[in-house]
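Here are my notes on this one, point by point. Have the sequence and the model open while you read.

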Amino acid sequence: MESLVWTARPNLRKGVLVCAFYGWNDGGEAATLSALFLRQQLRAQQFCELDPDEFYDFQEVRPIVSLGEDDTRRMAWPENSFSWGSLPSGNDIAVMVGIEPQNRWKHYSRSVLEVARESGAELVVTLGGFLADTPHTRPVPVTGSADGELADQLGLAPSSYEGPTGIVGVIHEACRDAGVPSASLWAAVPHYIQASPNPKAALALLSRLALLLDTRFDTTKLSQDAVSFEREVSQHVSNDEKISRYVRELESRADERADDDADEESPPLLASGDDIAAQIERYLAEREETSEDS
């Protein structure tokens, strides 16, 4: 495709393409932080990028000018890059870090699938983050979904979410149409936290991705960042009694859900796509009630 600019042509061994996008699908920047961390740890080498010219309104997503060491002006356009590296399991992985496009979503999605095919990726996994009524002091809920036989193989459920979607949803639709196996992982991010990125949510995504791919990542640095992040948020929360009460309520709900899950004989590795919709709908409903009361 003309929109793809190749600098190398890797042939991935049992390859997986992991995609993360800044924007609507990236609550707390959990997805993009995960992908950037993964790309850095694997010392992944860039092999392809998407020309942004036909996908963005540059009055909304402007290119950035910077000065190099030799005072040469350099232009940085919206990034949609693909890099690849090897996993400890012996498989190869490609990592895409992009920005949700504003134009030509179908063509954009077909371009991503073209990279998957040309590089030998056998599975496409998207990462996402969404705002939810979950406390920052408890483990980050991660939900996952897939379709058809892949859902059974990976222990995931098909998504039954209905409503507005982002580029992640469009890419999975393109995967289904093309017969390319795909899965999606989403981290629930506390909606009352404004700070980004959220390393605790990114850590949860990477942990579940490692389980999904039957591999391991060295997340020592990210774990340290997550501990510091939680400590800082807790300090800010403690200074506001109203928020503190709200967080305690969320903690009580989370503990009750954890107890219910513990009572099940064989809880699923990842929750179904229904949970994504339910949590979003509940959060939006509570926000509407709060707005009406005020």
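1. How many residues lie between strand 4 and strand 5 in their hairpin? There are 5, and D71 in the turn has a positive phi of about 65 degrees. Strand 4 (residues 64-67) and strand 5 (residues 73-76) run antiparallel and are joined by 4 bridges, with S66 standing opposite R74. Strands here are DSSP runs of E, at least two residues, and helices are runs of H or I, at least four residues, each numbered from the N terminus; two strands count as paired if DSSP finds at least two bridges between them.

2. Some housekeeping: this is a predicted model, where local features need pLDDT of at least 70, side-chain atom pairs count only at pLDDT 80 or more, and totals for chains, interfaces and linings use all residues. Residues are numbered from 1 along each chain as its sequence is written, and side-chain values use heavy atoms, leaving out hydrogens and water.

3. On confidence, the chain averages a pLDDT (the predictor's confidence in each residue, from 0 to 100) of 86, and 88% of the residues score at least 70. Watch residues 265-284, where pLDDT stays under 50. The model has 33 contacts (heavy atoms within 4.5 Å) beyond four places in sequence for that stretch.

4. Now the sheet: it is open, has 8 strands in the order 1-3-6-7-2-8-10-9, and its pairing is mixed. Strand 1 (4-6) and strand 9 (142-146) are the edges, each pairing on one side only. Within the sheet, strand 6 (residues 81-86) and strand 7 (residues 92-99) pair antiparallel over 6 bridges, and G85 faces I93 across that pair.

5. Helix 4 (residues 167-178) lies across strand 2, strand 8 and strand 10, at about 165 degrees to strand 10 (lines fitted to C-alpha atoms, for helices over the stretch in contact, with angles from 0 to 180 degrees between N-to-C directions). Its buried residues (under 20% relative accessible area, 1.4 Å probe, protein chains only) are I167, V168, I171, H172, A174 and C175. They sit on the same side of helix 4 because they cover an arc of only 155 degrees around the axis, taken from the directions from the helix axis to the C-beta atoms. These residues pack against strand 2, helix 2 (105-119), strand 8 and strand 10. After helix 4 comes G179, with a positive phi near 75 degrees.

6. Last, S244 in helix 7 (residues 241-263). S244 is buried, at 9% relative accessible area, and beyond its neighbours within four places in sequence it contacts V237 and S238.

Methods
Buried < 20%, exposed > 50% of the residue type's maximum accessible area, 1.4 Å probe, protein only.
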